[in-house]
Structures are given as C-alpha cells and as structure tokens.
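Thanks for coming. I'll go through one structure, and then we can look at it together.

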Amino acid sequence: MIIGAGTISRHHAEAFKKLSKPEEAELYVTDLNEQALQDFCTQYPKARPCKDVDEMLALPVDDKDIVIVATPPRTHHDLAVKALRSGRHVLCEKPFAMNREEAEDMVRTAEELGLLIACCSARFLDVETTGHAIQLLRNGALGNVYRVEFVHKARRSRPGVEHLPALRWFLNRAVSGGGCLMDWGPYDFTTLNEVLEPTRIDVLSAWMANPETALAEDIKVFDIEEHVGAALRYHRKDGSTVIVEYERAACTHGKEYANVQLEGTQGAAYWDWLCYSGDGNITRVYDEDGKAKEETTSYSASPSMLTLMDKPLVFFDRTIRGQDAPSVVNRKALFNFAIIDAIYACIRTGAAQTIDLDSTNN
Ligand SMILES: NC(=O)c1ccc[n+]([C@@H]2O[C@H](COP(=O)([O-])OP(=O)(O)OC[C@H]3O[C@@H](n4cnc5c(N)ncnc54)[C@H](O)[C@@H]3O)[C@@H](O)[C@H]2O)c1
C-alpha cells in the first residue's frame with residue numbers, strides 16, 4: 001500500500017515487482033491529488049486506487065501488509081502512526097520524521113502494537129565496497145582508526161532548484177524539516193553507523209549555511225540549509241573512540257569535493273560508498289618498508305543485484321517474513337534519525353549534544 005503517488009512512489013512500485021511473491025501481493029495507492037493518483041494508475045494499471053487514506057487502511061489486514069509513507073516529511077508522523085494503528089507494518093520515506101519527538105512516538109507506537117516501522121535510509125546498505133571497509137575495520141588491517149572523513153560537496157544539486165525543480169516543498173523547512181542534512185543525512189548516518197557501530201555519539205560542534213545564488217522568481221520560501229558540517233565523536237561498540245568530520249553541501253561556492261575514508265594507525269581506506277550502478281572501488285593504503293602502498297579492489301554490478309531504489313521495500317519485506325535483511329527498523333531508525341536532530345540542536349543552541357544508544361532504547 002502506498003500513500004503518496006509522487007516521484008518516489010514509482011521506485012517503490014518497481015521494487016514491488018521484486019518481492020518474494022509478487023503474484024500474491026496487491027498494490028493499493030492513494031494520494032490527496034487526484035491527478036497524481038490517476039497518473040500513477042495509468043503507469044501501473046494493476047494498482048488499485050483508493051479515494052483516501054482512511055478508505056485504504058479500512059481494507060482487510062494481512063500480517064505481512066506494508067504501508068509505504070511516500071509523502072513529504074511534514075506528513076510522515078501522522079500518516080505512519082495512522083497506518084500502524086490499522087495493524088500494518090510501515091516503511092517510511094527518509095527523513096524519518098520532522099524531529100526526534102515525532103520519531104520517538106512513531107517507534108513507540110510500532111512497539112506497543114508489536115509491529116515494525118522501517119526507514120528508507122537503507123538505500124546504500126549492502127554495498128560491496130562498504131562491506132569491504134567493514135571487514136578491514138574488523139580484522140584490524142587499519143590498526144586503531146582515529147579519524148573518519150565523510151564529505152560530499154556539490155556546487156548545484158539542490159532538490160527543488162536544480163534537481164526536481166517542480167518540488168519546491170523541499171525548500172520550505174515547515175514541510176521538509178530542513179535542507180541537505182534532512183535530505184542526505186539519513187543515508188550518510190545510516191552508512192556511517194553500519195561501518196562504525198557506535199553506542200554513543202557526541203556532536204562536538206556543528207554549523208550550517210545557505211549560500212546565495214540567482215533563483216527562479218516563483219521561489220518564495222527558501223529557509224533551509226544547503227551546506228552543513230559537524231565534528232562528531234563516535235564511541236564504538238569495541239570501546240574505541242573516533243572523530244568523524246562530516247560535511248554535506250548541495251550548494252557551495254567552494255570546491256566540489258567528495259571523500260569517504262577511514263584513517264588508522266596501520267593504514268587507511270577510502271571508497272565509493274554510493275555505487276549507484278553497482279560498480280565501485282575501495283583503496284587500502286598502508287606502509288611497506290617506509291613507502292606508502294595502495295591496493296585498489298573493484299566491484300562490479302551483477303544482473304541479480306537489487307538497485308538502490310529497490311532495497312528499502314525488498315529488505316523490509318524480507319525482515320517482516322523473518323529473513324535476514326539490513327532494514328533500518330524501529331530503534332535503529334530512531335537512533336539514526338536522532339543524530340540529525342542532535343546536529344540541528346547543536347547548531348541552534350551552540351552546545352554539544354550526546355545521543356546514547358541506551359537513551360534511544362528506552
Ligand atoms: N524524489 C526523490 O528522488 C526522492 C528520493 C528519495 C526519497 N524521497 C523522499 O520521498 C518523500 C516524497 O518525496 P517525492 O519526491 O515523492 O515528493 P512528491 O511531491 O513528488 O510526491 C509526494 C506526493 O504525496 C502526496 N501527498 C502529500 N500529502 C499527502 C497526504 N496527506 N495523503 C496522501 N498523499 C499526500 C502529494 O500530493 C504528492 O503527490 C520525501 O520524504 C522525500 O524526501 C524522494
């Protein structure tokens with residue numbers, strides 16, 4: 001069942017075809033906008049339109065039903081809670097919620113009802129290059145990892161401006177919850193947390209800005225950040241700590257730059273963590289007789305691979321069927337989102353923030 005027949009719903013409809021038993025599943029869809037609903041059903045004629053959310057959720061419940069909340073962030077909490085109360089599992093688009101209070105309420109509701117709520121921030125999990133980085137970390141090949149760099153800076157890739165210009169809601173904080181931190185942070189921190197396995201994260205300092213450029217005249221509200229940075233201290237499951245230098249920009253007058261790397265006392269590794277097409281490299285750098293040596297491993301796509309857009313739904317369907325899959329579910333979804341909320345809180349107050357896995361577990 002999909003709520004919101006917009007841009008991202010098409011990707012979920014494609015993922016639907018890759019579920020374990022698509023012939024046994026039915027796809028229902030609803031949207032406030034009649035035209036959007038009609039267009040979706042023309043593109044996917046097997047989909048069954050519902051006039052509104054209430055009509056859809058009143059349908060008979062199966063214990064494997066999933067409701068996908070594919071609407072702008074302002075609506076995620078209310079729609080997700082309503083869908084959970086209908087007795088169904090929920091897959092919520094990223095960013096999970098507008099703030100930590102909403103995220104906590106969504107997860108608490110799921111738990112009270114014995115259901116699962118997942119976040120679509122799983123799109124860049126189960127990537128071979130990242131799996132390789134995790135192995136290097138776990139087998140000690142890098143020694144003590146003391147610094148992590150996670151930096152992505154683009155000059156002009158703002159959703160609602162250069163990217164998907166029709167979707168101006170991305171620029172309005174009251175609807176989107178924020179800018180590039182809300183848009184990309186869910187993927188960034190889901191990946192970082194998978195690699196570093198933190199039990200606690202301190203946000204030591206953080207800042208944000210919205211670099212000015214010429215804009216279309218119809219853009220009336222543009223109150224989000226397009227450039228954000230934070231210094232974080234990760235306390236890892238194995239007792240070690242590591243500093244993470246995080247930066248994300250969808251607009252900057254500075255140099256375009258992207259690098260994701262782990263630096264340790266015995267070596268370093270930097271890698272393509274996005275692997276949009278399934279292809280990517282990881283490079284390990286280490287010392288050999290006083291000289292820096294580089295070793296690059298390449299991974300390529302295979303026809304059976306899921307696309308990044310398939311992953312949230314296919315993984316979640318496997319999870320609710322009791323199979324092993326890297327879904328971002330319940331407390332994990334809350335913890336990953338709490339970091340984003342804590343970075344905003346650090347910027348707002350100027351004070352360092354701490355997120356404890358235990359505090360998100362209570
Ligand atoms: N567009 C992308 O490339 C992309 C990628 C990844 C994630 N997302 C996320 O997906 C979510 C939706 O984004 P989108 O790009 O599909 O937006 P969109 O504007 O293209 O589509 C959203 C749809 O939701 C409908 N809608 C809004 N409120 C509703 C309600 N209360 N009940 C029913 N329908 C409602 C709107 O009418 C619209 O058709 C956002 O959280 C976004 O961050 C988008």
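**A helix, an arginine and a pocket**

Val53 sits in helix α3, residues 53-57; helices here are DSSP runs of H or I with at least four residues, strands are runs of E with at least two, and both are numbered from the N terminus. This is a predicted model, where local features need pLDDT of at least 70, side-chain atom pairs count only at pLDDT 80 or more, and totals for chains, interfaces and linings use all residues. Residues are numbered from 1 along each chain as its sequence is written, and side-chain values use heavy atoms, with hydrogens and water left out.

Is Val53 buried or exposed? Val53 is buried, because its relative accessible area is 15%, and buried means under 20%, with a 1.4 Å probe and protein chains only. From Val53 to Asp31 is 22 residues in sequence but 7.8 Å in space, C-alpha to C-alpha.

Next, Arg10, in helix α1. A polar atom of the Arg10 side chain does lie 2.9 Å from the backbone oxygen of Ala5.

Last, the second largest pocket, with about 500 Å³ of space. A pocket is an open set of points on a 1 Å grid where a 1.4 Å probe fits, with protein on both sides within 12 Å along at least five of seven lines; lining residues have an atom within 4 Å of a point. Helix α1 gives the largest share of the lining, three residues.

Key: Points joined across faces, edges and corners; volume = space filled by probe spheres on them. Polar contact = N/O pair within 3.5 Å; in protein donor to acceptor, adjacent residues only side chain to side chain. Buried < 20%, exposed > 50% of the residue type's maximum accessible area, 1.4 Å probe, protein only.
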